[in-house]
Amino acid sequence: MIAVYDFAVSRISFDFFGFLVVAEMERQRRGADNVHLVVVPAEGDGFHPNVQYDLQQKQWRLQNIVVAGTALLPTVTQFTVCSDRDQARAALSGREEDIHPEGYAIDAPIGRWATGYSFLEAHLGGDPRVLRSSEQARMYVGDWLRQITPAKSPVSLTLREATHNAQRNTDREVWLSFADWLAGQGYCPVIVPDTETVPEWTTETYRSHNGFSEAAFNLDLRLALYEYCFLNVNVTNGPSQLCGLSPLTRNITFVTGDWLHEEPTPFLGLGLERGEAPPYSSAWQKFAWRVPTLDALKEEFLSISEELGGEPYSTGAPNPFSPISANTNHDPNEIAMRFLTTREWELFDHAADLISAARGPSADIYYLQALAARAPSLDTASEFFKMALATLAKSPDLADENPRAYQIFQHIKSLAPELIDANEVYQF
């Protein structure tokens, strides 16, 4: 299967891993043996317009996030970075049936990088936690941890000190105090600094704790560390997304900045309501919807440790943990409605297509598609409403056995004759 990451519509960031895991879900659906990743440059400087990064940083991220990141998905066996869009057009010509995203074309690019796509996969029964570090990286990290902490469980603390979206950043002093507390509790804190601030960290800055600045530059080592640690504590940033997409990691992710304080939370546009965790999360992968003060860090750490009975594995030999049903108990139609209400049209359309493919004709999905189409095209909306009516006709008693169907019918009825001929509604 050819997975196309097109910078005309895709970001040069850790969001690439959202695309990568969704591509793996699609590979599994198609029954393909492997993935050939093709990176297509945008017009201009080659990258998606993003005021957060200058060209030098975008080029660095291409090599150190996208190129290096492909090694974390074992089924990627071929990788091509095109020099321009014409080269990509020639490379993809005649291979349309093999391409993901379905319907992609150089002149009509499609992105699938938003976190909402991996959330949706989990709600539909998939497990997008498919990333793994390499055996060599695990050997390096394992040897290092055995030297620095032969008798203590390591706990990684990943700091965010970026110059963009600084409201999401961690408070360095608070997290160093948390490291002091962890050491007093018998753990070995391992601090992973932000890539932007690695030069600022010295032996004194780490305050006698172990720093692992190598993880800030090497994704394979970073994920290997996360897979080895008893617990990983971080905030909602790119590295936490990477951490959560392995089945072997255990983490507490604090929701910070606009993700936490805006109402509704921007996560709603990705399908996640306030207070929820990503639907693929295990009992060891927790979202903490609170400011990471020192007390909050301690409380969340003690809570997850006590709840799960302490260390569940021998250091260096992690075990996989399955997603818990509490995170995936949402009807996919409800998730589609969240995309609809936040005007995430591409996510909504994709959700409707996947739900229809997985569950067959649905009055609910036709109804939601009609609502989505109503503003740009009344004709399209009316067609979807008619399809919803036709599907409802096959339903059992609407009032007693299917209250949602009855609700949909009443709303469609109220719209006649604005969108549908009244006779069609009353005939039904």
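Two strands pair if DSSP finds at least two bridges between them. Helices (H or I, at least four residues) and strands (E, at least two) are DSSP runs, numbered from the N terminus.

## Basis of the model

This is a predicted model: local features need pLDDT of at least 70, side-chain atom pairs count only at pLDDT 80 or more, and totals for chains, interfaces and linings use all residues. Residues are numbered from 1 along each chain as its sequence is written, and side-chain values use heavy atoms, with hydrogens and water left out.

## The parallel sheet

An open sheet is built from 4 strands. Their order is S3-S2-S1-S4, and the pairing is parallel. Strand S3 (76–81) and strand S4 (99–100) are the edge strands, each pairing on one side only.

Strand S2 (residues 35–40) runs parallel to S3, and 5 bridges join the two. Val 39 faces Val 81 of S3.

Asp 6 sits in strand S1 (residues 2–6). Its relative accessibility is 0%, so Asp 6 counts as buried (under 20% relative accessible area; exposed is over 50%, partly exposed in between; 1.4 Å probe, protein chains only). Pro 361 is 355 residues from Asp 6 along the chain, and their C-alpha atoms are separated by 32 Å.

## Salt bridges

Side chains of opposite charge can pair when their charged atoms come close. The structure holds 27 salt bridges. Each is a side-chain nitrogen of Lys or Arg within 4 Å of a carboxyl oxygen of Asp or Glu.

Arg 89 forms one with Asp 107; the closest N and O atoms are 3.1 Å apart. Arg 89 lies in helix H3 (residues 85–92) and Asp 107 in the loop between S4 and helix H4 (115–123), so the pair ties together parts 18 residues apart in sequence. Arg 89 is partly exposed, at 35% relative accessible area. Asp 107 is exposed, at 64%.

## Two further pairs and a network

Arg 172 and Glu 161 meet in a salt bridge of 2.8 Å, N to O. Arg 172 belongs to helix H6 (residues 172–184), while Glu 161 is in the loop between strand S5 (154–158) and H6, so this bridge links parts 11 residues apart in sequence. Arg 172 is partly exposed at 22% relative accessibility. Glu 161 is buried, with a relative accessible area of 13%.

Glu 300 pairs with Arg 290 in a salt bridge, with the closest N and O atoms 3.1 Å apart. Glu 300 is in helix H11 (residues 294–307) and Arg 290 in the loop between strand S10 (285–288) and H11, so the pair ties together parts 10 residues apart in sequence. Glu 300 is buried at 10% relative accessibility. Arg 290 is partly exposed at 28%. Elsewhere, salt bridges that share partners join Glu 26, Arg 29, Arg 30 and Glu 121 into one network.

## A negative surface patch

Glu 102, Glu 344, Glu 346, Asp 349 and Asp 353 gather on the surface in a patch of negative charge. Patch residues have over 30% relative accessible area and no salt bridge, and like charges are joined within 9 Å. Asp and Glu count as negative; the place of a charge is taken as CG of Asp or CD of Glu. Accessible areas come from the Shrake-Rupley method with a 1.4 Å probe.

Glu 346, one of the patch residues, lies in helix H13 (residues 345–359). At 56% relative accessibility, Glu 346 counts as exposed.

Methods. Patches are made of residues with over 30% relative accessible area and no salt bridge: like charges are joined within 9 Å, nonpolar side chains (Val, Leu, Ile, Met, Phe, Trp, Tyr) within 5 Å.
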